[in-house]
Amino acid sequence: MGELAQPQKGIIPPPIDADSADFWAGLAEREIRLPKCGSCGTIWFPPTPGCPVCGATERSTVVVAPHGRVYSWVVVHRSLQPEFAEELPYVVATVELDDGPRVFARLLEVEIDRIEPEMGVSAVFYTVGEQWLLGFAPDAASNDSAKEGS
């Protein structure tokens, strides 16, 4: 059995501003809320004042599906922050959501040596202290196929 990605225990509170407030409020409602450009229709992460594609500042907030695929990941073995030192190793993944944008979040509930590109994942909404956070865990079908390969 491989090493399990550790759950998050420590936190450095994120800066919540006017651009990201809807995203953070959505996590408490178990939703992923992202900005959508009023000009070109791009949905993006992280929330910023303007569209990263066309630069327009007209935007709305949309709820995106909490499913996607692992695009990339890094296994953290050395913490540069004391808040995270007891969590090693942990995994930060780039997840390409089914609705298009890529988001960065912890990858949870997975053996590190079983992580694969394109692995299906679903959102996990969790708290550390009072802060709601977004993570992802492998879909059941992804776990089953990984077990079959062992």
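What volume does the largest pocket have? I get about 580 Å³ for the largest pocket. My search ran on a 1 Å grid over the protein atoms alone: a pocket is an open set of points with protein on both sides within 12 Å along at least five of seven lines, a cavity is a set where a 1.4 Å probe fits but cannot get out, and lining residues have an atom within 4 Å of a point. Grid points are joined across faces, edges and corners, and a volume is the space filled by probe spheres set on the points.

Ground rules next. This is a predicted model, where local features need pLDDT of at least 70 and side-chain atom pairs count only at pLDDT 80 or more, while totals for chains, interfaces and linings use all residues. Residues are numbered from 1 along each chain as its sequence is written, and side-chain values use heavy atoms, with hydrogens and water left out.

**Pocket lining.** I listed 22 residues around the largest pocket, with Q8, P14, W24, F104 and L133 nearest its centre. α1, β4 (90-97), β5 (102-107) and β7 each give at least two residues to that lining. Helices (H or I, at least four residues) and strands (E, at least two) are DSSP runs, numbered from the N terminus.

**Barrel.** I traced 5 strands closing in the order β3-β4-β5-β7-β6, with mixed pairing; two strands pair if DSSP finds at least two bridges between them. β3 (residues 67-76) and β6 (residues 120-128) run antiparallel and share 3 bridges. H67 has S122 as its bridge partner in β6.

**Helix α1.** Residues 21-28 form α1, which lies across β6 and β7. Its buried residues (under 20% relative accessible area, 1.4 Å probe, protein chains only) are F23, W24, G26 and L27. They sit on the same side of α1 because they cover an arc of only 155 degrees around the axis, taking directions from the helix axis to the C-beta atoms. Their cover includes β1 (32-37), β6 and β7. Just past α1, I noted a positive phi of about 60 degrees at R30.

**Q131.** Beyond its neighbours within four places in sequence, Q131 is in contact (heavy atoms within 4.5 Å) with I11, P14, I16, W24 and Y126.

**Cavity.** My whole-structure search turned up 1 cavity of 30 Å³ or more. Its lining includes D19, D22 and F23, and β1 gives the most, with 3 residues.

Note on methods: Axes fitted to C-alpha atoms, helices over the stretch in contact; angles between N-to-C directions. Buried < 20%, exposed > 50% of the residue type's maximum accessible area, 1.4 Å probe, protein only.
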